[in-house]
Amino acid sequence: MKAFFEEYGLSIIIAVAILLLVCMSTPVGKAISTSLINAKDGLVSVEGDAKTKADEALDDFMGGGVTPDSTDETEIKNKITSDDNKAIGKTATASSTITPTAYQAWEAIDGNLGSMWGSATSGTNEWIAIDLGSVQKVKSVCIVWEGAYSKKYRIEASDDGENYTTLRTVEATKAETVELGLPAGTKCRYIRMYSEEAGTGWEMKIFEIGIF
Ligand SMILES: [Ca+2]
């Protein structure tokens with residue numbers, strides 16, 4: 001093979017170059033090259049919602065876009081404090097808080113890994129919901145639990161903030177930092193963490209919830 005290319009390599013390159021020049025000089029060749037240039041310029045100028053839709057379509061095409069579960073604490077915390085986190089700056093409501101003024105729902109979506117939301121009880125039938133402001137594609141939810149965790153909880157979605165459907169149920173044996181992949185194609189306005197079963201006797205607490 002090496003000897004073949006040493007003998008004929010230059011001839012092959014010249015032949016291909018001539019072929020390309022001939023093709024480009026024909027009406028069909030010109031039309032194809034013009035179309036390719038227009039397509040490239042079009043892609044470069046796509047911005048905003050159209051770009052998001054194009055990205056989502058490509059993402060779906062490439063395999064459904066399911067984010068794998070993770071417990072990589074460093075990676076998840078970096079993600080949560082990045083601009084990719086859809087939850088930061090949105091609004092949150094909760095079933096209860098530890099005190100009227102501290103451990104508020106918004107403290108779980110402030111991008112601050114030191115502040116937290118805490119429920120008045122140890123967590124059975126307590127919840128926190130985040131309103132993204134509009135229906136959006138959601139691929140994963142990250143939760144940074146404080147030591148007082150939930151050992152069984154649901155991640156739910158809603159479009160109206162009242163009727164929720166369960167995306168998945170999670171069982172835990174300790175307080176962890178987790179990323180939970182959601183079913184492919186999930187779109188919703190509200191995400192809710194609904195705790196079914198307390199993990200400890202302390203008031204349940206979450207440092208941060210990230211939505212991606
Ligand atoms: Ca926080």
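Of the 212 residues in the protein chain of this predicted model, buried residues make up 28%. When contacts between residues at least 6 apart in sequence are considered, 75% of them join residues that are at least 24 apart.

Five of the strands form an open sheet, in which the order is β1-β3-β8-β5-β6 and the pairing is antiparallel. Because β1 (91-94) and β6 (165-171) stand at the edges, each with a single partner strand, one side of each is left without a neighbour in the sheet. From one strand to the next, the twist averages 20 degrees.

Four bridges join β1 to strand β3, which covers residues 126-137, and the two run antiparallel; here T91 has D131 in β3 as its bridge partner. On the next step, β3 is joined to β8 by eight bridges, again in the antiparallel sense, and I130 stands opposite I191 in β8. Strand β8 (residues 187-198) also pairs with strand β5 (residues 150-158), antiparallel and over eight bridges, with Y153 placed opposite S195 in β8.

Which residues have the most contacts inside the largest nonpolar core? This core has 40 residues, and those with the most contacts inside it are A108, I128, I130, I143, I191, I206 and I209. In soluble globular proteins, nonpolar side chains tend to be buried together.

The residue I130 links the sheet and the core in this account, for I130 stands opposite I191 in β8 and is also listed, together with I191, among the residues with the most contacts inside the core. If its neighbours within four places in sequence are left aside, I130 is in contact with A87, K90, A92, I109, Y190, I191, I209 and I211. Among these contacts of I130 is I209, which likewise belongs to the residues with the most contacts inside the core.

Note on methods:
Residues numbered from 1 in each chain as written. Predicted model: local features only at pLDDT ≥ 70, side-chain atom pairs only at ≥ 80, totals over all residues. Pairing = 2+ DSSP bridges. Axes fitted to C-alpha atoms, helices over the stretch in contact; angles between N-to-C directions. Core = buried A, V, L, I, M, F, W, Y, C linked by C-beta atoms within 7 Å. Buried ≥ 20, exposed ≤ 12 C-beta atoms within 10 Å, placed from the backbone. Contact = placed C-beta atoms within 7 Å.
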